[in-house]
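Here are a few exercises to work through with the model open in your viewer. Try each task before reading its solution.

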Amino acid sequence: MDELFAALIAVAGGLAGGLVGVGGGVLTVPSLTIYIGLSQLEGESTSLLMIVIVALVGAFRQNAYGNLNLRDALVIGVLSPLGVLIGVVVGNEVPQRALELSFAALALYVAWGLVRRAWRAPDQAGQGRGEAE
Amino acid sequence: MPSERTLKLAAVGTLAGIFSGLFGVGGGTVIVPLLIFWFGYGERMATGTSLGAIVLIGLLGAVAQGGFYGNVHVGTGLLLSIPAVLGVVMGTAIQQRIPQRAVSLLFAALLLGIAIELIVK
């Protein structure tokens with residue numbers, strides 16, 4: 001039964017990946033820790049493997065639909081480890097609670113921006129292909 | 001000298017990494033809005049390109065965690081990837097059939113959920 005729940009949450013994680021372009025770790029990590037019984041670290045690590053597979057298939061599908069800018073994706077991906085390093089260092093220096101609340105505020109601000117975008121320009125919103133500067 | 005555009009992309013990658021290192025959230029929550037607001041990407045293009053970047057980001061993390069620390073349960077991960085892949089194929093197919101602004105609203109809902117989780121934690 002637990003395996004069934006884990007599988008259903010994995011489907012939801014994949015759906016989120018396809019719909020909004022995230023890896024789905026928000027869902028797969030809890031499914032691995034709660035229903036499969038992995039530790040937090042094992043869950044996060046195993047989730048990374050799943051995210052790679054999901055993102056790879058998702059990127060292939062989006063490429064087929066004409067929605068992948070491979071060059072930009074590569075530049076972003078290659079430069080991310082530097083950021084991870086910075087993040088880990090900062091995370092150990094700044095109080096966790098302050099970081100959580102800052103990120104929450106930022107997430108709300110960006111969410112508001114997206115809602116306004118969807119509200120304002122329903123017809124033109126989202127035609128850009130990221131090629132114009 | 002790299003172009004301004006390349007430098008901005010580098011900034012997106014670095015920021016995605018920072019948030020990943022800080023909160024363990026994948027880069028997608030950072031990459032998608034930045035591609036939309038900084039580069040004028042459409043929602044579908046932003047989410048597709050985000051997935052491409054996440055392949056690399058996740059691969060580096062998985063190799064580090066699995067290769068150096070042995071924390072990846074490969075069998076379990078592969079098995080659970082089957083329903084997850086089913087989900088992403090459905091998700092991308094559905095995304096092509098809904099208005100792009102619906103994708104923005106879904107993303108805003110996801111961010112709202114993350115913010116609430118961080119606040120009540």
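Two residues are in contact here if their C-beta atoms, placed from the backbone, lie within 7 Å. Keep in mind that this is a predicted model.

**Exercise 1. Work out how many residues of chain A are in contact with chain B, and which helix of chain A supplies the largest share.**

Step 1: Apply the contact cut-off between the chains; 88 residues of chain A are in contact with 90 residues of chain B.

Step 2: Assign the chain A side to its elements. Helix 1, helix 2, helix 3, helix 4 (70-93) and helix 5 (96-120) of chain A each supply at least two residues.

Step 3: Pick out the largest share, which comes from helix 3 of chain A with 20 residues.

Step 4: Sort the side of chain A that touches chain B by residue type, which gives 54 nonpolar, 26 polar and eight charged.

**Exercise 2. Describe the overall make-up of chain A, from its secondary structure to its domains.**

Step 1: Count the elements: chain A has five helices and zero strands. From the N terminus on, the order reads α-α-α-α-α.

Step 2: Box the C-alpha atoms along the principal axes, and chain A fills roughly 45 × 40 × 30 Å.

Step 3: Look at burial; 50% of the 133 residues of chain A count as buried.

Step 4: Read the domain assignment, which gives domain 1 (1-81) and domain 2 (91-124) of chain A. Their centres, taken over C-alpha atoms, are separated by 21 Å.

**Exercise 3. Classify how helix 1 of chain A is oriented to helix 2 of chain A.**

Step 1: Take the geometry. Helix 1 (residues 2-20) and helix 2 of chain A pack at an angle of about 170 degrees, with their axes 8 Å apart.

Step 2: Angles over 145 degrees count as roughly antiparallel, so helix 1 of chain A is roughly antiparallel to helix 2 of chain A.

Step 3: Find the contact residues. Among them are A:Phe5, A:Ile9 and A:Ala16 of helix 1 of chain A, and A:Leu27 and A:Tyr35 of helix 2 of chain A. The residues of this contact divide into eight nonpolar, three polar and one charged.

**Exercise 4. Do the analysis again for helix 2 and helix 3 of chain A.**

Step 1: Helix 2 (residues 25-35) and helix 3 (residues 40-64) of chain A pack at about 130 degrees, with axes 8 Å apart.

Step 2: Helix 2 and helix 3 of chain A are therefore oblique to each other, and their crossing is right-handed.

Step 3: The contact includes A:Gly25 and A:Leu32 of helix 2 of chain A, with A:Glu44 and A:Met50 of helix 3 of chain A. By type, the contact has four nonpolar, seven polar and one charged.

Definitions and conventions
Residues numbered from 1 in each chain as written. Chains lettered and ligands numbered in written order. Predicted model: local features only at pLDDT ≥ 70, side-chain atom pairs only at ≥ 80, totals over all residues. Axes fitted to C-alpha atoms, helices over the stretch in contact; angles between N-to-C directions. Helix = DSSP H or I, 4+ residues; strand = E, 2+ residues; numbered from the N terminus. Parallel < 35°, antiparallel > 145°, perpendicular 65-115°, else oblique. Left-handed = near helix turned anticlockwise from the far one by under 90°. Nonpolar A, V, L, I, M, F, W, Y, C, P; charged D, E, K, R; others polar. Domains from an automatic or database assignment. Buried ≥ 20, exposed ≤ 12 C-beta atoms within 10 Å, placed from the backbone.
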